[in-house]
Each structure stands twice: as structure tokens, then as C-alpha cells.
Amino acid sequence: MIMQPNIKTRLSLPILVAAASLPLCSAAQDMLPGDTVTVTTKTNVTTTVSGSDVSSTTSNISTVESKKKNNWLSKVRATGAIQTEFLIPYNFKGERTGDKTVYEKDVLNNTYFDLTVNAPYISIGARFQWTKWPLPGYNKGFGGWGVPYIWATGSYKCWQLTVGDFYEQFGSGLILRTYQERSLGVDNAIRGGRFKINPGGGVHVTALAGKQRRFWEWNSSWLWGADAEWEINDAFKEKFGNDYGLTIGASYIGKHDPDEQIMYNGPTDLIPNYDPSKNYYLNLPLNVAAFDGRVKLRAHDFNFLAEFATKSADPVSLYNYNYRKGNAVLLSGTYSNKGFSAMLQAKRSENMDFRSKRVIEGDYLISSFVNHMPAFTMTQTYALAAMYPYATQAEGEWAFQADVRYLFKKKTPLGGKYGTNVRLSASYISGLDYNLPPGTSYKDKVFGSNDFGAPFWKIGSLYYADLNFELNKKLSRKFQFTLFYLFQKYNQTIVEGHGGMVTSNIFVGEGQWKIAKKTQLRFEAQYLHTKQDKGDWIAGLLELSLAPHWMITVSDNYNSGKGNNYYEVLGTYAYKANRFTFGYGKVKEGYNCSGGVCRWVPQTEGFKVTYNYTF
């Protein structure tokens, strides 16, 4: 059992750190930007006055200007944004049901209104959200309306204190990353307190405590933790210079999870003198701890990152209450110079599913994540290339990714008149080689035990692999094109729970033609070939931009294997900070993914209207 401070000490962590660190603020940081007042005085003198009179006049004007600029209310600024999207589901059978889905209302809508007020030393903000009848594919718990996000932040000298709701990330997010991704329905903000201090010398410290949001509720678990980073090159500039940099960091996150009564229904050989007439319960840990350490090094054009994270036993329902400890290792290296860049990274994770709610119901699979395990795959923007996206497997995986980009210079055989950009990237992700009895899989692991694991260096079965090639070429001042090829192997059974291995080849051609000064046409032609799943696909897109206000888009995805057709016609109008989109379309079912986190979207058809405004 992990010994940790009592609950009152844990929750007061930000205050304790604040009190201890205030003396660290250097004198050079005593003045915030808002404290500095620059007075500019312009005097037109048309009569002869003495020197003392001029001095007096200038002094009076300066005093007036100084008071005006020091007026706190004059520095208050409000910013915000409105985002709303409507869908009226419809099919040609005359039923407002979409396809196979009966909706609660004829009009579905997601609306967000964010407001932030900034003033010297303090900022406050809130978000109003209306998702009572959300768009298709969102979890049932997503439906509701109200103000789920509200906060206030005070800043003085070198410290900052936030109370209310906030997002935070430690390091690469291996033990903590809270964020909002509206397209996925993810918003796992923490409600509580957060304290940050930058005392100088490249030191950055963050401490926090609170509860995590899950849709319209907050989980009962308490989270608390701290992160510290030291940019050593900032503290010793004369030693490092501009070409070198070294940063070290460490993080800690603790979770206090109430002892839920979980009935034991696993193999009886785990309980001595098992009596079937009695009720047995799992002994769940009240406290869970996670640690992270990292080193970042910069040398001329090279950057390196090494990060390690570990987590104590944290059994959750999704993985049969496995009691094994978790760990993750991440290595990354990049090189960038004029016309050439390269990246190579590797990650191994095991049992790093870290949530603030232990019992995971079916509608909450993507909620309550405390951490984030990045997916080492290329983010696809073309429709058919994004058809089989990979979702990070939190129970464990090996992941490798490489990316190389090169610019063939102008006036060379391959560069031509305008130069040629080439990109080659690849990913390989596999499971771990678990020590399990023959004929069993990770999903069949023993309930409530820790009697299996995976050797560190052994690689298991293939989950996902791809090879990407992209060529971008400008032929003239008015026309440029992109050729893209993707080879992909996608273990549909692992990611979706059915289907086996899907092998596909995707070919894409894209062109951009500047017809006139304010008129541009973009077009795409795509082809996906596979013998598995639903067979071959063909896709096309035409996008006409009429600057500065209009854009018209027509697209079509045709599944030649099944004979299904998915089309969309959209019009967009932009005026200043306003943006309207309206149209009609039929969208295929599939996964919508971002950063290795995915949401299943059902097939829908209907009228769409969206509006965005920022101020």
C-alpha cells in the first residue's frame, strides 16, 4: 500500500507551495507588464511662457494622462467565441430518423459560448454549453445544458493562482493531460485549484488539486499533484549559448479513489478456503500514485527527449481489475535544417490506463482519462486515408514512428522552377507479448490478479502499420498539385472488436488552381483498394473559393464494394469574425479520431447549419 499525506494536506498542496515559493520571486520580476505606464505628452504652445510655466503645464498634463492610463477599468478587455452546429436528420423514406437511429428531437444541436474577461492581475471566464439533444454519435451522458466550466486566475509578480475549472498537462501527458476536444465529446477538465510559479533561472513549478469532470458530473475521486521543470540553459546562458539547451522535469499525480464495493466473481483458486455461500469483494486501493521524469536536450539542429512514467496498481473494470503496476517509456529525436527534417520516436507502454473513475460503463469509455498516451501515427486529412484510424491501446503497446521531409531546391533537375517538397513517413504499432496460458489473450486475463506480464523487449502481434509518401509540386504561379500514397495494415479486431486484419492501398491526387485574383478551385481524387471489410472506395471533392466571403464544396464517397454512396454539398459565407456553413449531406458511419482517441459516429443524413463567431 502506498503511504500518502492525509486528504487535508493533499488538498492544501497549492496553498502550501504558494506560501513557500513567494520569496523566490526575483526583484527583476516585481513589475508585471500592466504595472509599467508610459506617458506621452504633446504640448502646442502659442504664447510666450516662462520655463517654470512650461514645466508646470507639462507636469499637469502628465498627471492627467498618467491617471487615465492607470485607470483599472480602462484596461479591462472581454473576448469570446460562439460555436453552434445544427443537424436535421432526414431520409427519403419520409422518416426523421437518420439511418437506423431514432433521435429524441427533429433538430439536434451542439452549442458552446466561451467568455473571458482580462484585466490587470486577474482574468475570469466561463463557458455555456447547450447539448441537451446532441449531434449523433455522442455518449448519452454528453446530453445536457448549463455552465460546466468557470474559472478565475490571479497573477502577481512571478506567480499565478487559478480557482475553478482548468486544463493542464505535465510533460508529454503520460500521467496527466486534461483537455477539450469537441469533435470527440472529450472534456475532462479539473475543478479545484492550481498554482504556478516561475521564480527565474529557468525554473517552472505547478501544483494542483481537484476533481475531474465527466460530462455533467464530477467524479468522486480527488486528484492532486505537482510538476517542476528546470531549463538549465536559461540559468547558465553564458555556458550554453544559443545552440544548446537542457531541460529536466519531474511530475507526480496522486488519486484518492473511494473504496467501491466490487463483488468478486473470478477464479476460486485466488481465495483460500473458498466458500460459495459467502460474498467476496476486491480489496481496491484507496490511493494511486503516478510519477514522470524527463530530459530534453537541444544541440544545434538536433532535439532529443527521453521520458519515463510509472503508475501504482490501479484496477479498473474495463481490464478485469488487473492489479499490475503500469509504466511507459518514450524516446524521441528530431533534426531540422534548411530544406531537410527528420524525426524518429519509439514508445512502450503497459497498463497505463489511468482514470478518475474506476467503474467504466459502456457510455463512458472515452471519459475520465487522467492521462493521455499519444498515438505514433500520421494525422490523415484526406477522407479515405482517415477511414481506418488507429486508437491507442491503453493496456499496452509498442509504437514506432519515423518521418523524413526534403525540399529539392529551385532550379535543380527535381526541384524545377519552384522547388519540390517530398515527405516519407512510417508507423509500426504492436501489442505486448504477454505471459499467458496457451489459447488465452489479454482480454481473458485473470480477474483481480497480477499473475501475468510482458517481457520488456518482446513485441507481440501487429496492431497497426502504415507507409506514407507525399509529393507537393508548384508548376506555375497559378497551379500546384499534391500526390499522396498510403499503404496501411489495420487490425480491426483490436481497435473495433471485429473484422480481422484490413490491408489497404490509398491513392490521392490534389490540385489547387488560382483562376483569378479572388477565385481559387481545389479538387481531390481518391481511391482506396482493399479485399477486406467493405471493399474498394472512390472519393472526389471540388472546393470553389470566392474571396473574401464565399466557399462552395461538393464531395462524394462511393463504396464500390457495397454500392453505398455518401455525398455532401456545403456553402460557407464569412464576414469579418462571422462564419456560416449550411448544406445537405449523407455521412458514412465510422470512427472520428484525434491524437489516438476515437469516437464512433453513426451513419447520418440531413441538413446541416453551423455558425462561428469570435470577438
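Analyst: The side chains of S123 and N118 make a polar contact at 2.8 Å (N or O atoms within 3.5 Å, one able to donate a hydrogen and the other to accept it; residues adjacent in sequence count only if both atoms are side-chain atoms). The model is predicted, so local features need pLDDT of at least 70 and side-chain atom pairs pLDDT 80 or more, while totals for chains, interfaces and linings use all residues. Residues are numbered from 1 along each chain as its sequence is written, and side-chain values use heavy atoms, without hydrogens and water.

S123 belongs to strand β3, residues 122–131 (strands are DSSP runs of E, at least two residues, and helices runs of H or I, at least four, numbered from the N terminus). With a relative accessible area of 17%, S123 is buried (buried is under 20%, exposed over 50%, partly exposed in between; 1.4 Å probe, protein chains only). Leaving aside residues up to four places away in sequence, S123 touches V117, N118, W151, A152 and T153 (heavy atoms within 4.5 Å).

Aromatic pairs can be examined next. The whole structure holds 31 of them (ring centres of Phe, Tyr or the six-membered ring of Trp within 6.5 Å; planes under 30 degrees apart are stacked, over 60 edge-to-face, the rest tilted). One of these is the tilted pair of F302 and Y335, with 4.7 Å between centres and 45° between planes. F302 lies in strand β14 (residues 302–311) and Y335 in strand β15 (residues 326–337), and the two are 33 residues apart. F302 itself is partly exposed, at 37% relative accessible area. A further tilted pair joins Y382 and F484, at 5.6 Å centre to centre and 40°. Because Y382 lies in the loop between β16 (340–350) and β17 (396–408) and F484 in strand β20 (residues 479–491), this pair ties together parts 102 residues apart in sequence. Both Y382 and F484 are buried. Ring pairs also link F302, F304, Y335, F340, Y406 and F408 into a cluster.

Charged groups meet rings as well. The charged end of R177 sits over the ring of Y179, 4.0 Å from its centre (NZ of Lys or CZ of Arg within 6 Å of the centre and within 35 degrees of the ring normal). R182 lies over the face of Y112, 4.1 Å from the ring centre.

For the overall fold, the protein has six helices and 29 strands. Of its 615 residues, 43% count as buried. Among contacts between residues at least 6 apart in sequence, 60% join residues at least 24 apart.
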